[in-house]
Amino acid sequence: MSELTSLTIAEARAKLAAKEIKAVELTDAYLHAIDAVNPVINAYVTTTPEKAREMAKASDARIAAGKAGALEGIPLGIKDLFATRDVHTQACSHILDGFKPKYESTVSQNLWDDGAVMLGKLNMDEFAMGSSNESSYYGPAVNPWKATGSDEKLVPGGSSGGSAAAVAAHLCAGATATDTGGSIRQPAAFTGTVGIKPTYGRCSRWGIVAFASSLDQAGPIARDVRDAAILLKSMASTDAKDTTSVDLPVPDYEKAIGGSVKGMKIGIPREYRVEGMSEEILALWQQGIAWLKEAGAEIVDISLPHTKYALPAYYIVAPAEASSNLARYDGVRYGLRVDGKDIADMYEKTRAAGFGTEVKRRIMIGTYVLSAGYYDAYYLKAQKVRTLIKRDFELAFEAGVDAILAPITPTSAFAIGDKELAADPVKMYLQDVFTITLNMAGLPGISVPAGIDSKGLPLGLQLIGRPFDEETLFALGEVIEQAAGRFPVAERWWG
């Protein structure tokens, strides 16, 4: 880790603006760090050094001319789910082998328009289906954190595991990510980083490979709350190409940081105290409550009674939408093709060879629940439950609650290849028990590092907000961040 790669986005931005450092110099420092560390943690599936240096050179020219953008010269990693023009975009799946789109996702284009520099594409669970980054065709990303006294490799969470690992290991200043059921917040919690899933519709989904269209939402993973606010400001926009994009002005989220939280009502949902939750997670939750009380917030107990139905409902809705979205991958237009005796045989062989085990499992579940005779019994019922979950949150906010404080994960990061989780997919799905309700309701949520467990691993807390009220989450998140302190992973195990 160099002095340059240890800078936050806000710090690097200030030094670039003051001409104390150059964008090319900063980019080279990250590229050298990637060369040294990525073979160990597998956060990047491809790097773009020539493109990065070219973009950094252009940034230096704009800075010199006084025309710097909001992210001018800041090197970022991009999750492999975002289309990047003429650059590897495969959702970490074999079925998209060789695909390099001729277009750019709206989110990544927004970042380039603000002067950011692309370092490469980041590892992830295949088609964003997973909670550990173990379903990637390119192998699992590795959490830069290790338990005290152990060399066991841990997962960085999923599906945005590469994004979280790269940010934690200082292999990029920040990263794009997506969250369908917790895929920004859970990896952030596992790696001691900050991740925010904005309100559904805040960031355009155009040019992002779809998993479950009514649940997917882009957001950033960063080193601290301020950096997350800076990134979200650039990522978010209205987009005529995405009909679910909301036509609302994008606030300056950074201005919310440091704002008073005195008098805010913070809801504590009793249903989030679930069986099997680690005592350390419970203790951390109580510590978070104490920190917010000390800052002047009022703590109130709330009920979200349909929470217990969220997990089964999610694992009907999400696979159903995935089954539909992934039907387009057939070997005809792009990606992998396995020839067969006729077109139907080619379809079957291509999809059998191209999709991994977890993706096949979810396609099968989704196809089943959408099939004749089961659509009403499963899919429609799950959508009704989704409406009830959304209503639970609406009632809490109507009663005056400004935000909700909750855990993110039942435990800290677990081992890659954990036999118990590998043998029982349902146990892996339970990793999402605290996160999926937000996706079902379309609400914003932020994950903030809040403590270290007895194994020396990071734990996070989650703040849930009203629709399009990310500013309150940033203000509250900064309170927790300041109280908890920072957990710089890169200093812990490779110096």
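Start by selecting K390, R391, E394 and E398, which are linked in a network of salt bridges (a salt bridge is a side-chain nitrogen of Lys or Arg within 4 Å of a carboxyl oxygen of Asp or Glu). Before going on, know that this is a predicted model, where local features need pLDDT of at least 70, side-chain atom pairs count only at pLDDT 80 or more, and totals for chains, interfaces and linings use all residues. Residues are numbered from 1 along each chain as its sequence is written, and side-chain values use heavy atoms, with hydrogens and water left out.

Now zoom in on R391 and E394: their closest N and O atoms are 3.2 Å apart. The two sit 3 residues apart in helix α12 (residues 375-398), so about one helical turn separates them (helices are DSSP runs of H or I, at least four residues, numbered from the N terminus).

Buried or exposed: which is E398? It counts as exposed, at 55% relative accessibility (buried is under 20% relative accessible area, exposed over 50%, partly exposed in between, with a 1.4 Å probe and protein chains only). R391 is partly exposed at 35%, and E394 is too, at 30%.

Jump to D179 and R185 for another salt bridge, with the closest N and O atoms 2.9 Å apart. Both D179 and R185 are buried. How many salt bridges does the structure hold? There are 18.
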